[in-house]
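Please keep the sequence and the model in view while working through the numbered paragraphs.

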Amino acid sequence: MKPLRIQLQSRTLENGLRVVVVPDSSAPIVTVGVYYKIGFRLEPRGRSGFAHLFEHMMFQGSENAPKMMHIKLINSSGGVLNGSTRYDVTNYFETVPSSALERILWLEADRMRALKVDDENLRNQRDVVKEEVRVNVMNQPYGGFPWLDLPPVAFRNWANAHNFYGDFSDLDAASLADVQSFFKTYYLPNNAVLLLLGDVQMEEGFSLARKHFEKIPAGAPPPFADPSEPEQTEERRGSVVEQFGTLPAMAIGYPAPERRTKDWCAMAILDQALHGGRAGRIYRRLVLEKQIAVDAGGGIHYPMGDVFDYNGPMQMVTRIMHKPEISAAATLEEFDAVIREIQEHGLAADELEPLKIKFRSDYYSMLEGGMMPRYGLMHLLACFTLFDGDPQLVNTILDGFLAVTREEVQAAAQKYLRREKRAIVFRQPASTGKEAA
Amino acid sequence: MAAAPLNDQCPLAPPLSAEHPVQWPRRTHARLSNGMEIVLAESRAVPKFTGQLFFRAGNAALSVRATGLADMTASVVRAGTAKRTSRQIEEDLRRIGADLSSGAGMDTTALSFDGLAEFSEPLLAMVSELAREASFPEGEFERERRHTLESVRIERTTPSFLASERLRKTLFGSHPYALVSPTEAQVRAYRLEDLSAAYQEIYSPAHALLVMVGDFQAETMLRQIEKIFGGWTGKKPAAQTFPAPPKFRGRGVSLVHVPGSVQTQILCGCPSITRKHPDWLRLALANSIYGGAFNSRLVMNIREDKGYTYSPRSGVNPLREYGYFSVSAAVRNDVVAASLTEIFYELDRMRALPVPDAELADAISYVSGVFSLGLGTQGGLLSQLGTVALNELPEDYLETYRGRVRALTASDVRSAARSYFDSASMQIVIVGDRAQIESQGALYGEITVYDAQGNVIQ
């Protein structure tokens, strides 16, 4: 085994902006990311979907780069860009030829310092977001399943349980004043991290970051709502009608342990044992052997993220699409048999090592790829900076997972995969007319 | 958008600094005595490698026997060999940290894989075993058949699938490119012996291409490949000819009726060219200006100005024998006609007026810059190398690409638009609720209404 060592440095500017630089000149391209520590989990009550709508507004113009100039300047530099809203962060990122590095930093700094948008921009993007929700959720078989369906069943705290894409009435109610106040509250240098990866020298990266970002004034540390959940004492169930698809589906969520604990490492290896592709126990038993399901998959933070990129209550989710002639109850019984087996017998003697090898292999792939070159590494560095204060964790975090024992995996299965702690949501095709179990 | 130079609109934006040269990695090419072609490139960002073993025949080659037969064959290939059961295959892959998938498109079949560099030998041995010794277990076949049946049912409820299926049927007529997916009846009619016959024909080194990128030393890897694949023999499948696709005069409109749909999927298309055609780069540049980039006319117009849609895009779709140009957008039900008006307005503007210099320069920079992003990952590079080899493009295609894009002019763009943005004969597909959109669609040509199963309804 060849350990991977990523050369990186991080510093904090005077205004509290954290900066991470990862030089790698193997190709003349550079990936830049700005992550704000605000996601849909912590958006204001009565404004469901606002964090995501706001992400759209960040492309609508800033003081020195009017509407569309941000996109135009990046595309015309030979680069690509995007943004996304997650549970606990919102990110903005671009990959460009390194000749455009300073231009990109200027653009990101301009919109961190002075977003400049009007009512017309807000109306326009509200319409765009509604079409986004229609194309991804309302007009799509199994749209939003289970990422929008499970949280309202599983959680009691509004922060975790509300509609993250937003109710249309809430989107309609969002005003320009909301946009401005959200920007002032959360889009602060002291609530963000800037990441530079690729064809840039270490000192050059920090000096450009200082030049463009250091004068942006810091603000009061944002108030964060408490996302913690009350203790759960019995199984929770819910049901959603599937308008288009013909297969009944279900998603089962168990609480994940707190990040960066021994239990968390054990749970990740348990997750690999249960959900690791076609060799995973759930797919093997339900799809390959018993053939009651047509497809099955899952993971911690599935399908929106992974074991690393969240900062609050989270679930390990299994998604099962089963044959219509098999009842939901019978499907769940087979699923429960898989869980029971691992609780009672743990991993087989020769099972642990392959799980760790696959975990390591997946980790490397994640670092390298994603939506853009080095997206995965950027994303991980951002989360380790904002949630853990330590981007160097990318070089050491694997150790904890590779040290997990069979006993720890079994103990995690017994402690976390408990019926009274889980939530299940059934997605029942309207065409069959059958009620969920 | 106004065509004023960027710095007039954004005077404070820093200029671009000097470019660092783009260095494409050295490729190692080889051909084994059995005909298998090999392309290797080293890339060491992570201790992994990725590869694809292609066969130059896919669903089109088998279409006279059954639609989707090559894809079904590929699904069962990974489900058992003479030496390993399905379960062993999956566990052995996991043991070496590998992922593998098998599938077929219109023109090729591929085994795609990635894994840890330290386990390249067992992974290649697995790929070889799947390519040469698949055993087609009856039970695995029936399981995959059921899976495919359920998948094709769900496809028929997915607006983007229904749109592309209808457009392909319209554009390609009796040519096998018209058939993107099997019907349930076709899936039920697959026989195991059809799959093993297809396997015998397609999985042959005589028309195979192995592309690999990653953390390895190319010469050593080549020796390993020779050792593993050198003893394999087989012949090329017989070449086939297919009926020519139809030619179009005037627009046609197909409506796929999905009752209760809360949005309408628009997809328009017309015949264009393959990647080997001398006009390919001209078309690629024109497409990027029209609707291929975020910063394109179509996106600016119907998303950023009018808010009709989240995801408008145009694309050039090269298949081996023919290509087509397409425009798609999922829009609000009440703006279907308005969106089509803008789609055609922008097409006609591309055909009629020269692209302003500043916009042309931006687009050239975009198309040439984005091409180099393929260098950033093992998978990106693999995809570029696969495209070059499968299309038999020149050896220096990657190195000369930027220069050739930069040499293009406004008149190249306009001539490509005039040839391939066939606004007057675009074939239009709209997928949505008939009651809300039929009259809007009928404004654009004679309309035929289908149900989701593909039957014409009155």
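1. In this predicted model, strands β4(A) and β5(A) pair in the antiparallel sense, over six bridges. Within this pair, A:Asn82 stands opposite A:Phe93, a residue of β5(A). As background, the strands of a sheet are joined through backbone hydrogen bonds, and they may run parallel or antiparallel.

2. In what order do the strands of the open sheet lie? The sheet in chain A is formed by six strands in the order β1-β2-β6-β3-β5-β4, and the pairing is mixed. Its edge strands are β1 (9-12) and β4 (80-85) of chain A, each of which pairs on one side only. From one strand to the next, the twist averages 15°.

3. A helix also belongs to this picture. Helix α14 of chain A, residues 375-388, packs on the sheet. The strands of chain A that α14 touches are β1, β2 (18-23), β3 (29-36), β5 and β6 (192-198). The direction of α14 makes about 150° with that of β6(A).

4. Chain A as a whole may be considered next. Its secondary structure comes to 16 helices and eleven strands. The radius of gyration of chain A is 22 Å, close to the 22 Å given by the globule rule for 437 residues, so chain A is as compact as a globular protein of that length. The C-alpha trace of chain A spans about 60 × 55 × 40 Å along its principal axes.

5. Of the 437 residues in chain A, 56% are buried. When contacts in chain A are counted between residues at least 6 apart in sequence, 79% of them join residues at least 24 apart.

6. The secondary structure of chain B comes to 17 helices and 13 strands. With a radius of gyration of 24 Å, close to the 23 Å that the globule rule gives for 458 residues, chain B is therefore as compact as a globular protein of that length. Along its principal axes, the C-alpha trace of chain B spans about 60 × 60 × 35 Å.

7. Buried residues make up 49% of the 458 residues in chain B. Among contacts in chain B with a separation of 6 or more, 79% are between residues 24 or more positions apart.

8. At what angle do helices α10 and α16 of chain B pack? Helix α10 (residues 280-292) and helix α16 (residues 410-420) of chain B pack at an angle of about 90°, and their axes are 8 Å apart. Angles of 65 to 115 degrees count as roughly perpendicular, and α10(B) and α16(B) are therefore roughly perpendicular to each other.

9. The residues that α10(B) brings to this contact are B:Arg282, B:Leu283, B:Leu285, B:Ala286 and B:Ile289. They meet B:Asp412, B:Val413, B:Ser415, B:Ala416, B:Ala417 and B:Tyr420 in α16(B). The residues of the contact of α10(B) with α16(B) divide into eight nonpolar, one polar and two charged.

Notes. Residues are numbered from 1 along each chain as its sequence is written. Chains are lettered from A and ligands numbered from 1 in the order in which they are written. This is a predicted model: local features need pLDDT of at least 70, side-chain atom pairs count only at pLDDT 80 or more; totals for chains, interfaces and linings use all residues. Helices (H or I, at least four residues) and strands (E, at least two) are DSSP runs, numbered from the N terminus. The radius of gyration is taken over C-alpha atoms; the globule rule is 2.2 Å times the number of residues to the power 0.38. A residue is buried if 20 or more other C-beta atoms lie within 10 Å of its own, exposed if 12 or fewer, and partly exposed in between; C-beta atoms are placed from the backbone. Two residues are in contact if their C-beta atoms, placed from the backbone, lie within 7 Å. Two strands pair if DSSP finds at least two bridges between them. Axes are lines fitted to C-alpha atoms, for helices over the stretch in contact, and angles run from 0 to 180 degrees between N-to-C directions. Angles under 35 degrees count as roughly parallel, over 145 as roughly antiparallel, 65 to 115 as roughly perpendicular and the rest as oblique. Ala, Val, Leu, Ile, Met, Phe, Trp, Tyr, Cys and Pro count as nonpolar, Asp, Glu, Lys and Arg as charged, and the others, Gly among them, as polar.
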